[in-house]
Amino acid sequence: MAEEIISPMEIDGGASDEAMKAASKGKNVVVMAPFTKSTPWVEKYRPQSLADVAAHRDIVDTIDRLTSENKLPHLLLYGPPGTGKTSTILAVARKIYGPQYHNMILELNASDDRGIDVVRQQIQDFASTQSFSFGVKASVKLVLLDEADAMTKDAQFALRRVIEKYTKNTRFALICNHVNKIIPALQSRCTRFRFAPLDATHVTERLKHVIESERLDVDENGLKALVRLSNGDMRKALNILQSTHMASPHITEEAVYLCTGNPMPKDIEQISFWLLNEVYVTCYKHITDMKMRKGLALVDIVREVTMFIFKIKMPSDVRVHLINDMADIEYRLTFGCSDKLQLGALIASFTKARSALVACVK
Ligand SMILES: Nc1ncnc2c1ncn2[C@@H]1O[C@H](COP(=O)(O)OP(=O)(O)OP(=O)(O)O)[C@@H](O)[C@H]1O
Ligand SMILES: [Mg+2]
């Protein structure tokens, strides 16, 4: 009997009729839990198939080809958060196993215990038994170890032998953010793929897709601000979009910055102007006022001002000292040092840089 999966997105998009039609034609229809209005968009718009995964075309095509030819190796996917690692592997599992997907994979993530006992019991038990599932073409099962960098070293050492022993009927997919936390022996057993942060065009494209589906009112600068603040993290982009949408019906640049609490580019320009032109006391007063008025955090200001320093023209030795000072201030702020003192240090660094600039001109 033919089987068909109706994805939640289709149901949400009004395709429940399709499900009914498919059912009436005698197909087995597997309906996943439908999305409600309160479903976070990161889940609602999680790519369902490999074709939906934005960017990383070469990686996705390679994995697609390997699965089609039934030659899937052990995989190690790594890269920063929100770049589609988990989504890609889930799409692969859906492609290989279809509706039997939940029977054929063992998924362990950071919320599960992943010490040596789990490798010895759960993973070995799953890998060592042969599964016979009707309607599944591939005979290999998949062990999915998400957030594998959180696995203990002992567990990783134990996994080395397990991977080799059960290669005949099981494939392992390891996913992590920090590849250097995976022991070299495991790395060499897997084919590695690096998921880089998404570039601006891909984030924009994917956001436009969500904006159209949700019929949102987003202006051009608002979209640019979303892309800028996401820094190549698609999950972050979608989360900011959803929270800004809840806060205001029109998504503008200002609304996005307000919602995230990030300083606006024009505020940073103003602060940089004060830092470069005003005397110490006035500068301190203006910045403190603005921080209070707009609820800005000094650490955000330091980060953005640093970007500004890269843009303005100055002799390289002055720039080097200034950047070094910014790095020190940021470091101290992360350890909870006083905002007031660090603001003083920020202005002091700029005062020093200005004196150096004047000396250069003379
Ligand atoms: N390449 C992509 N194409 C489309 N959507 C994406 C992509 N990457 C991330 N997303 C969106 O971000 C959400 C999170 O992605 P995913 O869980 O795959 O990230 P991840 O790389 O596993 O991150 P983490 O390292 O934090 O686990 C997805 O639900 C999806 O909505
Ligand atoms: Mg993940």
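These are my notebook entries on a predicted model of a protein chain with a ligand.

**Ground rules.** I kept in mind that local features need pLDDT of at least 70 and side-chain atom pairs pLDDT 80 or more, while totals for chains, interfaces and linings use all residues. Residues are numbered from 1 along each chain as its sequence is written, with chains lettered from A and ligands numbered from 1 in the order in which they are written.

**Overall fold.** I found 18 helices and 9 strands, taken as DSSP runs (H or I, at least four residues; E, at least two) numbered from the N terminus. Of the 362 residues, 28% count as buried, meaning that 20 or more other C-beta atoms, placed from the backbone, lie within 10 Å of the residue's own.

**Ligand 1.** Which residues are closest to ligand 1? I noted R46, P81, G84, T86 and S87, out of 22 that surround it (C-beta atom, placed from the backbone, within 6 Å). Helix 3 (41-44), helix 5 (85-97) and helix 12 (234-247) each supply at least two residues of this shell. Ligand 1 lies between domain 1 (42-130 + 139-194) and domain 2 (200-260), because both give residues to its shell; the bounds come from an automatic or database domain assignment.

**Cores.** Of its 58 residues, L145, A173 and L174 touch the most other members. Helix 5 gives the largest share of this core, 7 residues. Apart from it I found another core of 17 residues, including L296 and M326.

Definitions and conventions
Buried ≥ 20, exposed ≤ 12 C-beta atoms within 10 Å, placed from the backbone. Core = buried A, V, L, I, M, F, W, Y, C linked by C-beta atoms within 7 Å.
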